[in-house]
Amino acid sequence: MVASEVRALFAVASRPEVVSLAGGMPNVAALPLDQIGELVRDVVAEEGPAALQYGSAQGDPVLREQICDYMTLEGITASPDDVIVTVGSQQALDLITRVFVDPGDVVLCEAPTYVTAINTFSAFQADIRHVAMDEDGVVPEELDEALTRAAREGRRVKFFYTVPNFQNPAGITMTAERRARVMEICERHDVLVVEDNPYGLLRYDGEAQPTLYSQGSGNVVYLGSLSKTLSPGLRIGWALAPAPVRAKLVLAAESAMLSHSTFNQLVVRRYLRTFPWREQIKAFNTMYGERRDAMLGALEAMMPAGCTWTRPEGGFFVWATLPEGIDAKAMLPRAVAERVAYVPGTGFFADGRGRADMRLSFCYPTPEQIREGVRRLVGAIEGELELRDTFGSTLAPPTEGSQAPAPDLP
């Protein structure tokens, strides 16, 4: 378990005068908080004894039925028996790794990938191997080669971890054609797929793509979450898994925390029953879409020549690459001095890559703050460009091991 080298800088970045383009925190202030408060009060008044009692490690049965209804928006038809409620989808990822991975086992994931997935796989001493991506998602030929290479080495790949929609951190969405090829490759190699989909309903452009779960033949574990479409503070996520896997996950959950928060589950259960949550998701999409547009517009108008970035159709993140010779991690102190923060790209690789990259989040700041944050970021980049042009490249050689940002930066 590796602590972040930039944790102290993010403590500074949390000051109000700093525009943070770092953390992927939803804008929960946009929720109708008065109505949420009334809902919580009603749970205490009407279901208090049950809400304050122990519960099942698999999760509340009614909530699992509601989660199945929620997943129909993603084209998934599922049985509540195959759903396990978790403490956010992060716990589901931890439980899957706990069940499948022994020290030295191979886990494949995209390059770059979700930072806390790297931390989880590393904590169980997995051999993390990255598979290249392009603007259409994971490259099928690279995935096939990684699986073939592991087989030649006599190593069994335990699973392939992917965030196919508005990927964290790159913002890329895997195309329908790529999804079909990825599933064909993984089924041919008899490899489990872990599909992490916390952002799938936060789409601002384009057409929804079919889930990998809906295309699989029992070899996909699907992870979902209400952290982005309701609240991360309630910590409600889930795993949808084939029955043998689900049974093991329930046993692992019992050993990890005995049972979930019954109170939180009943709050969410009532929310999904009484609140127009589909309309709330539409409102979030309008709000986040405006912020995405503000981010892309500011980058287009202000970023220096040589910078590139992704153009996400949804989600929370843009992945930017700096001009040749500029080190995003080394530049972070200068950026914080300019009163702007981001996440350096090194945390999203297990092998030290990503020094020229950064993740920019547009979900929390207002459009005006985003434009001001990009202006300040450009000032830091221009300062590094002057340094590079005077003294040469500031880009340090890659080092082994994860350089992950703090866990409060989802």
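A cavity is a set of points, on a 1 Å grid over the protein atoms alone, where a 1.4 Å probe fits but cannot get out. This is a predicted model, in which local features need pLDDT of at least 70 and side-chain atom pairs count only at pLDDT 80 or more, while totals for chains, interfaces and linings use all residues. Residues are numbered from 1 along each chain as its sequence is written, and side-chain values use heavy atoms, with hydrogens and water left out.

The model holds 3 cavities of 30 Å³ or more, a volume being the space filled by probe spheres set on the points. About 80 Å³ is the volume of the largest cavity. It is lined by 14 residues, of which Y70, E74, N197, L201 and S225 are the closest to its centre; a lining residue has an atom within 4 Å of a point.

## Lining of the largest cavity

Helices (H or I, at least four residues) and strands (E, at least two) are DSSP runs, numbered from the N terminus. Both α3 (61-71) and β8 (220-225) supply at least two residues of this lining, and β8 gives the most, with 3 residues.

Two strands pair if DSSP finds at least two bridges between them. An open sheet of 4 strands runs in the order β10-β11-β14-β13, with antiparallel pairing. Its edge strands, β10 (308-309) and β13 (343-344), each pair on one side only. Strand β14 (residues 357-361) is joined to β13 over 2 bridges in the antiparallel sense, and P344 stands opposite M358 in β14.

Note on methods: 1 Å grid on protein atoms, 1.4 Å probe; cavity = no way out; pocket = protein on both sides within 12 Å on 5 of 7 lines; lining within 4 Å.
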